[in-house]
Amino acid sequence: MESILVLQGPNLNLLGKREPGIYGVITLESIQSLLEADAQELHVKVTTLQSNHEGALIDAIHGAIALHQGILINPGAYTHTSVAIRDAIAGVAIPTVEVHLSNIYRREEFRHHSYIAPVAIGQISGFGAESYRLGLRALVQHLRT
Ligand code: DQA
(Lines give C-alpha, C1' and ligand atoms only; values in the text may rest on other atoms or scores of the structure.)
Protein backbone atom coordinates (compact mmCIF):
# COMPACT_ATOMS: atom_id res chain seq x y z
CA MET A 1 0.00 0.00 0.00
CA GLU A 2 1.39 3.40 -0.99
CA SER A 3 1.88 5.94 1.76
CA ILE A 4 1.16 9.62 1.11
CA LEU A 5 2.38 12.51 3.26
CA VAL A 6 -0.12 15.37 3.40
CA LEU A 7 1.57 18.64 4.37
CA GLN A 8 -0.40 21.70 5.42
CA GLY A 9 1.45 24.99 5.62
CA PRO A 10 1.09 28.14 7.70
CA ASN A 11 -2.27 29.48 8.88
CA LEU A 12 -4.16 26.47 7.58
CA ASN A 13 -4.78 25.45 11.21
CA LEU A 14 -7.16 28.43 11.26
CA LEU A 15 -9.37 27.06 8.48
CA GLY A 16 -13.02 27.38 9.39
CA LYS A 17 -12.44 30.76 11.03
CA ARG A 18 -9.91 32.26 8.64
CA GLU A 19 -11.21 34.54 5.86
CA PRO A 20 -14.26 32.33 5.20
CA GLY A 21 -15.18 34.37 2.12
CA ILE A 22 -11.98 33.08 0.50
CA TYR A 23 -11.35 29.71 2.13
CA GLY A 24 -14.88 28.65 3.11
CA VAL A 25 -15.88 27.30 6.51
CA ILE A 26 -14.40 23.82 6.26
CA THR A 27 -11.92 22.99 9.00
CA LEU A 28 -8.55 21.29 8.66
CA GLU A 29 -9.93 18.32 10.62
CA SER A 30 -12.79 17.95 8.11
CA ILE A 31 -10.35 18.02 5.18
CA GLN A 32 -8.32 15.36 6.95
CA SER A 33 -11.43 13.18 7.42
CA LEU A 34 -12.33 13.54 3.74
CA LEU A 35 -8.81 12.52 2.73
CA GLU A 36 -8.79 9.57 5.11
CA ALA A 37 -12.08 8.31 3.61
CA ASP A 38 -10.69 8.76 0.07
CA ALA A 39 -7.46 7.04 1.07
CA GLN A 40 -9.39 3.96 2.23
CA GLU A 41 -11.20 3.83 -1.09
CA LEU A 42 -7.93 4.26 -3.01
CA HIS A 43 -6.10 1.74 -0.80
CA VAL A 44 -3.41 4.18 0.28
CA LYS A 45 -2.31 5.41 3.67
CA VAL A 46 -2.29 9.15 4.45
CA THR A 47 -0.29 10.86 7.19
CA THR A 48 -0.98 14.54 7.81
CA LEU A 49 1.16 17.29 9.31
CA GLN A 50 0.30 20.97 9.64
CA SER A 51 3.00 23.44 10.57
CA ASN A 52 3.38 27.20 10.68
CA HIS A 53 7.17 26.78 10.46
CA GLU A 54 9.13 26.52 7.23
CA GLY A 55 11.88 24.40 8.80
CA ALA A 56 9.37 21.91 10.23
CA LEU A 57 7.85 21.44 6.77
CA ILE A 58 11.34 20.95 5.29
CA ASP A 59 12.21 18.40 7.99
CA ALA A 60 8.98 16.53 7.21
CA ILE A 61 9.84 16.50 3.49
CA HIS A 62 13.31 15.10 4.27
CA GLY A 63 11.74 12.59 6.66
CA ALA A 64 9.52 11.31 3.86
CA ILE A 65 12.46 9.56 2.16
CA ALA A 66 11.88 5.79 2.22
CA LEU A 67 8.68 6.31 4.26
CA HIS A 68 6.25 7.91 1.82
CA GLN A 69 5.88 7.44 -1.92
CA GLY A 70 4.10 10.74 -2.58
CA ILE A 71 3.57 14.18 -1.07
CA LEU A 72 0.39 16.26 -1.25
CA ILE A 73 1.19 19.79 -0.11
CA ASN A 74 -0.64 23.04 0.44
CA PRO A 75 2.36 25.24 1.23
CA GLY A 76 0.11 28.22 2.12
CA ALA A 77 1.96 31.52 1.83
CA TYR A 78 5.30 29.67 1.53
CA THR A 79 4.14 28.83 -2.01
CA HIS A 80 5.08 32.36 -2.97
CA THR A 81 8.25 32.78 -0.92
CA SER A 82 10.04 29.53 -0.17
CA VAL A 83 13.00 28.53 -2.29
CA ALA A 84 13.92 26.25 0.65
CA ILE A 85 10.71 24.18 0.43
CA ARG A 86 11.10 24.00 -3.34
CA ASP A 87 14.70 22.75 -2.93
CA ALA A 88 13.59 20.18 -0.34
CA ILE A 89 10.98 18.74 -2.72
CA ALA A 90 13.50 18.69 -5.58
CA GLY A 91 16.10 17.15 -3.24
CA VAL A 92 14.03 14.19 -2.06
CA ALA A 93 12.64 13.56 -5.55
CA ILE A 94 9.32 12.25 -4.19
CA PRO A 95 6.40 12.88 -6.56
CA THR A 96 4.56 15.90 -5.17
CA VAL A 97 1.23 17.54 -5.96
CA GLU A 98 0.63 21.17 -4.93
CA VAL A 99 -2.89 22.15 -3.93
CA HIS A 100 -4.67 25.36 -2.98
CA LEU A 101 -8.18 25.96 -1.70
CA SER A 102 -8.43 29.29 -3.49
CA ASN A 103 -7.60 30.01 -7.12
CA ILE A 104 -4.29 31.77 -6.55
CA TYR A 105 -4.36 33.19 -10.10
CA ARG A 106 -7.59 35.10 -9.44
CA ARG A 107 -6.14 36.76 -6.37
CA GLU A 108 -3.43 39.37 -5.65
CA GLU A 109 -0.54 39.39 -8.07
CA PHE A 110 1.98 38.27 -5.44
CA ARG A 111 0.08 34.96 -5.24
CA HIS A 112 0.39 34.31 -8.97
CA HIS A 113 3.90 32.95 -8.68
CA SER A 114 4.59 29.56 -7.10
CA TYR A 115 8.13 28.48 -6.26
CA ILE A 116 6.74 24.98 -5.77
CA ALA A 117 4.97 24.43 -9.11
CA PRO A 118 8.14 23.75 -11.17
CA VAL A 119 9.14 20.87 -8.87
CA ALA A 120 5.61 19.44 -8.54
CA ILE A 121 3.98 16.93 -10.88
CA GLY A 122 1.06 19.33 -11.04
CA GLN A 123 -0.99 21.91 -9.22
CA ILE A 124 -4.70 22.06 -8.36
CA SER A 125 -6.01 25.43 -7.30
CA GLY A 126 -9.43 26.91 -6.66
CA PHE A 127 -11.73 24.04 -5.73
CA GLY A 128 -11.77 24.42 -1.96
CA ALA A 129 -11.46 21.09 -0.14
CA GLU A 130 -12.00 19.34 -3.47
CA SER A 131 -8.52 20.52 -4.51
CA TYR A 132 -7.08 18.12 -1.92
CA ARG A 133 -9.32 15.24 -3.00
CA LEU A 134 -8.51 15.76 -6.68
CA GLY A 135 -4.84 16.14 -5.82
CA LEU A 136 -4.78 12.87 -3.87
CA ARG A 137 -6.41 11.00 -6.74
CA ALA A 138 -4.05 12.52 -9.30
CA LEU A 139 -1.03 11.66 -7.15
CA VAL A 140 -2.10 8.03 -6.62
CA GLN A 141 -2.88 7.68 -10.33
CA HIS A 142 0.59 9.08 -11.15
CA LEU A 143 2.26 6.63 -8.76
CA ARG A 144 0.41 3.69 -10.31
CA THR A 145 1.10 4.45 -13.96
C1 DQA B 1 -3.51 29.07 -0.10
C2 DQA B 1 -3.22 30.29 -0.99
C3 DQA B 1 -2.04 31.09 -0.48
O4 DQA B 1 -1.81 32.22 -1.28
C5 DQA B 1 -2.32 31.57 0.94
O6 DQA B 1 -1.19 32.24 1.45
C7 DQA B 1 -2.74 30.46 1.84
C8 DQA B 1 -3.69 29.48 1.34
C9 DQA B 1 -4.78 28.33 -0.56
O10 DQA B 1 -4.93 27.19 -0.15
O11 DQA B 1 -5.62 28.89 -1.26
O12 DQA B 1 -2.38 30.42 3.02
O13 DQA B 1 -2.42 28.17 -0.21
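Trainee: What is the strand order of the open sheet of 5 strands?

Mentor: This is a predicted model, where local features need pLDDT of at least 70, side-chain atom pairs count only at pLDDT 80 or more, and totals for chains, interfaces and linings use all residues. Residues are numbered from 1 along each chain as its sequence is written, and side-chain values use heavy atoms, with hydrogens and water left out. Strands (E, at least two residues) and helices (H or I, at least four) are DSSP runs numbered from the N terminus, and two strands pair if DSSP finds at least two bridges between them. The pairing is parallel, and the order is S2-S1-S3-S4-S5.

Trainee: Which are the edge strands?

Mentor: An edge strand of this sheet pairs on one side only. That applies to strand S2 (44-50) and strand S5 (122-125).

Trainee: Which residue in S5 stands opposite Val 99?

Mentor: Strand S4 (residues 96-100) pairs with S5 in the parallel sense, over 4 bridges. Opposite Val 99 stands Ile 124.

Trainee: What angle does the direction of helix H3 make with that of S1?

Mentor: Helix H3 (residues 54-63) packs on the sheet and touches strand S1 (2-8), S2 and strand S3 (70-74). Contact means heavy atoms within 4.5 Å. Axes are lines fitted to C-alpha atoms, for helices over the stretch in contact, and angles run from 0 to 180 degrees between N-to-C directions. For H3 and S1 the angle is about 170°.

Trainee: Which residues touch the most other members of the largest nonpolar core?

Mentor: A nonpolar core is a set of buried Ala, Val, Leu, Ile, Met, Phe, Trp, Tyr and Cys residues joined through side-chain atoms within 4.5 Å. Buried means under 20% relative accessible area, exposed over 50%, partly exposed in between (1.4 Å probe, protein chains only). S1, helix H2 (28-42), S2, S4 and helix H5 (129-144) each supply at least two residues of this core. Of its 22 residues, the ones asked for are Leu 72, Tyr 132 and Leu 136.

Trainee: Which polar backbone atom is 2.8 Å from an oxygen atom of the ligand?

Mentor: The residues around the ligand include Arg 18, Tyr 23, His 80 and Arg 111; each has a heavy atom within 4 Å of it. A polar side-chain atom of Arg 18 lies 3.0 Å from a ligand oxygen. A polar backbone atom of Ala 77 is 3.2 Å from a ligand oxygen. At 2.8 Å, the backbone atom belongs to Leu 101.

Trainee: With which side chain does the side chain of Glu 2 make a polar contact?

Mentor: Glu 2 lies in strand S1 and counts as buried because its relative accessibility is 18%. A polar contact is a pair of N or O atoms within 3.5 Å; within protein, one must be able to donate a hydrogen and the other to accept it, and residues adjacent in sequence count only if both atoms are side-chain atoms. At 2.8 Å, the partner of Glu 2 is Arg 144.

Trainee: Is Ala 66 buried or exposed?

Mentor: Ala 66 lies in the loop between H3 and S3. Its phi is positive, about 70°, although it is not a glycine. Most residues other than glycine have a negative phi. With a relative accessibility of 81%, Ala 66 counts as exposed.
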